[in-house]
Amino acid sequence: MKYGDVLKQYPQLKPLFRRLGIPVSGCGIYYLLDMTLDQLAQRYNLATETLLKVLQRG
């Protein structure tokens with residue numbers, strides 16, 4: 001699942017992504033929207049499990 005799809009389906013998760021340091025809006029996130037969650041985790045030095053836990057909250 002791509003980050004852009006996650007933001008569309010689960011807008012309530014935006015504050016959780018912000019806390020992790022991942023941008024959720026603005027002109028600088030267009031390249032992030034096409035990333036898979038694994039790629040996003042690697043970019044921000046997070047464990048993939050951390051992002052999956054965020055998704056489970058949604």
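N45 lies in the loop between helix 4 and helix 5; helices are DSSP runs of H or I with at least four residues, numbered from the N terminus. This is a predicted model, in which local features need pLDDT of at least 70, side-chain atom pairs count only at pLDDT 80 or more, and totals for chains, interfaces and linings use all residues. Residues are numbered from 1 along each chain as its sequence is written, and side-chain values use heavy atoms, with hydrogens and water left out.

- Phi of N45 is near 50°, a positive value in a residue other than glycine.
- Most residues other than glycine have a negative phi.
- N45 counts as exposed because its relative accessibility is 70% (exposed is over 50% relative accessible area, buried under 20%, with a 1.4 Å probe and protein chains only).

- Helix 5 spans residues 48-57, and its L51, V54 and L55 are buried.
- These residues are on the same side of helix 5 because they cover an arc of only 100° around the axis, taken from the directions from the helix axis to the C-beta atoms.
- E49, K53, Q56 and R57 are exposed on the other side of helix 5.
- The cover over the buried residues of helix 5 includes helix 1 (3-9), helix 2 (14-19) and helix 4 (37-43).

**Nonpolar core**
- The largest nonpolar core has 17 residues, and Y3, L13, F17, L40 and L51 have the most contacts inside it (a core is a set of buried Ala, Val, Leu, Ile, Met, Phe, Trp, Tyr and Cys residues joined through side-chain atoms within 4.5 Å).
- Helix 1, helix 2, helix 4 and helix 5 each give two or more residues to this core.
- Beyond its neighbours within four places in sequence, L51 is in contact with F17, L20, I22, L37, L40, A41 and L46, contact being heavy atoms within 4.5 Å.
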